Amino acid sequence: MQLRTNNLKSIIKPIIFFTILAVSIHTKLNAQEIIEDVKKNDVIVKNDTINVTVDSLKIAKDPIKEQFQRRKIDGVAAVIGESVILDSDVDIAYQQLVSEGVSASDVSRCELAGSLFENKLYAHHAVQDSIEIRDAEVNSMVDQQLGYMTKELGTIDKVLRFYKKDNVEDFRKELFEINKSNRLSERMRTKIIEGIEITPEEVREFFNEIPKDERPLFGTEVELAQIVIEPEVTQEEQQKVVDRLNQFREDIVERGSSFATKAVLYSQDPGSKSTGGKYTLDRQTNFAKEFKDVAFSLQEGEVSEPFKTDFGWHIVKVDKIRGEEIDVRHILLTPEETRRSVEKAKKHIDSLRTSIVSGSIDFKEAARKFSDEKETKEDGGQLINPTTGDTHFELTKIDPILYDQVSKLKTNEVSLVIPDQDRQGKKKFKIITVLNRYDEHIADYSKDYLKIQELALRKKQINAIREWQNEKIIDTYVKINGEYRDCEYSGNWLKKEK
């Protein structure tokens, strides 16, 4: 139900959530509780297990080395601030990248280790800079991740066995800490580059400094528009859903049925179904306004009447109120389209396509008048690239399904009718056209100014991050061990004098 945005990262290919999750959980599984008052620089071998004492972990902003930690580990790759990175953390992250299809020759262990060091450095200084992450935001991420994992593995018990956890609550706490650390790291990177701007003169200088034979090659790009027609849901079908939700509510309120069980069995929200419909939110959480209005009007333990959002019909129960945050459960049902309404929608879009192809109506005009897609309707159906924020889609980088639909279309040609469905399985039909096509070419300053501007800005941001990183490495306790002392890093992690 929530929309998420991607952060900007540059040096190596992104590590997907499960890489970070596996690394973070592995660290927790292999680290003992902190033991105060330990000896400095001890290495103890006992029962084939290495126990290494990490020397003088410095508390940020305090030059006196006053805190020591002892952890049962498999080998310490590095210590950044108060965070320990294990040798096996790097192994797991590396194996995960390879399993995702990344060539082993594309990313070295040194690059991957450097990336892990950076994330720990960002998170450490985010805490020092008092960057706050709302618990509701993190809890909502945990809810969705548990839902996704359960969907992939089948049951929550299988998830717990897979990650070697005894119960859901302990697992949730670990996921919470992992996600909070990751969000702190993201927020710190964002803070470093916020406010950085690029002037036209800087863009020109950036472009002129690129040798002609090294200028970037921009792949074939297209600008796209689409018209979406959804089958009309009859009032009768809407009422069936409302009646069913009222029955659920009666079972819960009057007969003591479990809300969570009914959500698991019947809810059509894939993000929360497997966790009993659970979400944690506050007023700023990115949920539908109607949903939040109802949720925050309820008392603890109260179950709402059925209400409607763009996603369908809901009932909500408030499990717990904690100040500005609330834990809720919900059941989502979406009315089904009748065969007749589906056939009617198909005939409608067939007719629209015929009118557009014959020239009776312009594609954009038809989109404004008839499309059911709110996000694109007013712009004549024109699509915005979610990655770049502009209207250009590079063919080699677009979704494979979309590529199959548009790669062979000529400019202003209209696709055949394409059956589609949303996350809830609701049917719809669409037609797509190519508004403009830009063939593969070497970067041209006048034609590709916006792309060149973006590259110049990105370089300036990377330089700002690198400068910040070098400053903070000097100010932060950093200890690199073993084979990782032989690596060449973009940052001065070994604190060598220059």
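**Close-up 1. Ser130 sits in the loop between α3 (109–128) and α4 (135–153).** Everything in these views comes from a predicted model. Here the thing to look at is the backbone: phi of Ser130 is near 60°, a positive value in a residue that isn't glycine. Most residues other than glycine have a negative phi.

Close-up 2. Look for Lys495 in the segment after β16 (478–480). With a relative accessible area of 33%, Lys495 counts as partly exposed.

**Close-up 3. β5, β4 and β16 line up, in that order, as an open sheet of 3 strands with antiparallel pairing.** The edges belong to β5 (83–86) and β16, each of which pairs on one side only. From one strand to the next, the twist averages 15°. Zoom in on β4 and β5 and you'll find 4 bridges joining them in the antiparallel sense. Val79 has Val84 of β5 standing opposite.

**Close-up 4. The largest nonpolar core brings together 38 residues.** Ile80, Phe117, Phe171, Ile480, Tyr484 and Trp493 have the most contacts inside this core. Ile480 makes a handy landmark here. Setting aside neighbours within four places in sequence, Ile480 is in contact with Ala77, Ala78, Ile80 and Phe117, and also with Arg485, Tyr489, Trp493 and Leu494. Another core, of 17 residues, lies apart from the largest one and has Ala225, Ile229, Ile431 and Leu435 among its members. In soluble globular proteins, nonpolar side chains tend to be buried together.

**Close-up 5. Helix α7 (residues 200–208) packs against helix α15 (residues 449–475) at an angle of about 90°.** Their axes are 9 Å apart, and the two helices are therefore roughly perpendicular to each other. On the α7 side, the contact is made by Pro200, Glu202, Val203, Phe206 and Phe207. The α15 side brings Tyr449, Ile452, Gln453, Leu455, Ala456, Lys459 and Lys460. Sorted by class, that contact has 8 nonpolar, 1 polar and 3 charged residues.

How values were computed: Residues numbered from 1 in each chain as written. Predicted model: local features only at pLDDT ≥ 70, side-chain atom pairs only at ≥ 80, totals over all residues. Heavy atoms only, no water. Buried < 20%, exposed > 50% of the residue type's maximum accessible area, 1.4 Å probe, protein only. Axes fitted to C-alpha atoms, helices over the stretch in contact; angles between N-to-C directions. Parallel < 35°, antiparallel > 145°, perpendicular 65-115°, else oblique. Contact = heavy atoms within 4.5 Å. Nonpolar A, V, L, I, M, F, W, Y, C, P; charged D, E, K, R; others polar. Core = buried A, V, L, I, M, F, W, Y, C linked by side-chain atoms within 4.5 Å. Pairing = 2+ DSSP bridges.
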